[in-house]
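Open the model in your viewer and keep the selection tool at hand. This tour says what to select next and what is there.

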Amino acid sequence: MNEPELLNGLKPCPFCGRYSTLFRRELVSKSGTYLYTVRCYRCGAEGPKVYRHGEYSLEAIEAVASFWNGRAEQND
C-alpha cells in the first residue's frame, strides 16, 4: 500500500471526529532518526509515535496508520 492510500484509510479523530488527519514526519536527531505519527490537523491530537533511522520509511507510516486505526471502539 502507498502513502495516499494509507492516508485515505485513516479513521476520523477520536477527539473531534474530523477526517483532517495527516502523517507527521520530523527529523529528531542529527544521526538521521525520524519520528512518525498521525496527527489531527484540526485539534492537534496525535497517535502513537514510531522512530526510524533514514530519510523515509513506508514501514513506519504503515505502523502509525495501523496504531491510529487500531484504537478501541466505544460502546454506547
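Contact, as used on this tour, means heavy atoms within 4.5 Å. The model is predicted, so local features need pLDDT of at least 70 and side-chain atom pairs count only at pLDDT 80 or more, while totals for chains, interfaces and linings use all residues. Residues are numbered from 1 along each chain as its sequence is written, and side-chain values use heavy atoms, with hydrogens and water left out.

Start with Tyr56, in the loop between β3 and α2. Helices (H or I, at least four residues) and strands (E, at least two) are DSSP runs, numbered from the N terminus. Leaving aside residues up to four places away in sequence, Tyr56 touches Glu3, Tyr36 and Ile61. Select Glu3 next: its side chain and that of Tyr56 are joined by a polar contact of 2.8 Å. A polar contact is a pair of N or O atoms within 3.5 Å; within protein, one must be able to donate a hydrogen and the other to accept it, and residues adjacent in sequence count only if both atoms are side-chain atoms.

Now select Tyr36, which stands opposite Val50 in β3. Strand β2 (residues 33-40) is joined to β3 by 4 bridges, and the two run antiparallel. Two strands pair if DSSP finds at least two bridges between them.

Show the whole sheet. What is the order of its strands? The sheet is open, has 3 strands in the order β1-β2-β3, and its pairing is antiparallel. At the edges are β1 (21-27) and β3 (50-53), each pairing on one side only.

Finally, select helix α2 (residues 58-69), which lies across β1, β2 and β3.

Methods:
Axes are lines fitted to C-alpha atoms, for helices over the stretch in contact, and angles run from 0 to 180 degrees between N-to-C directions.
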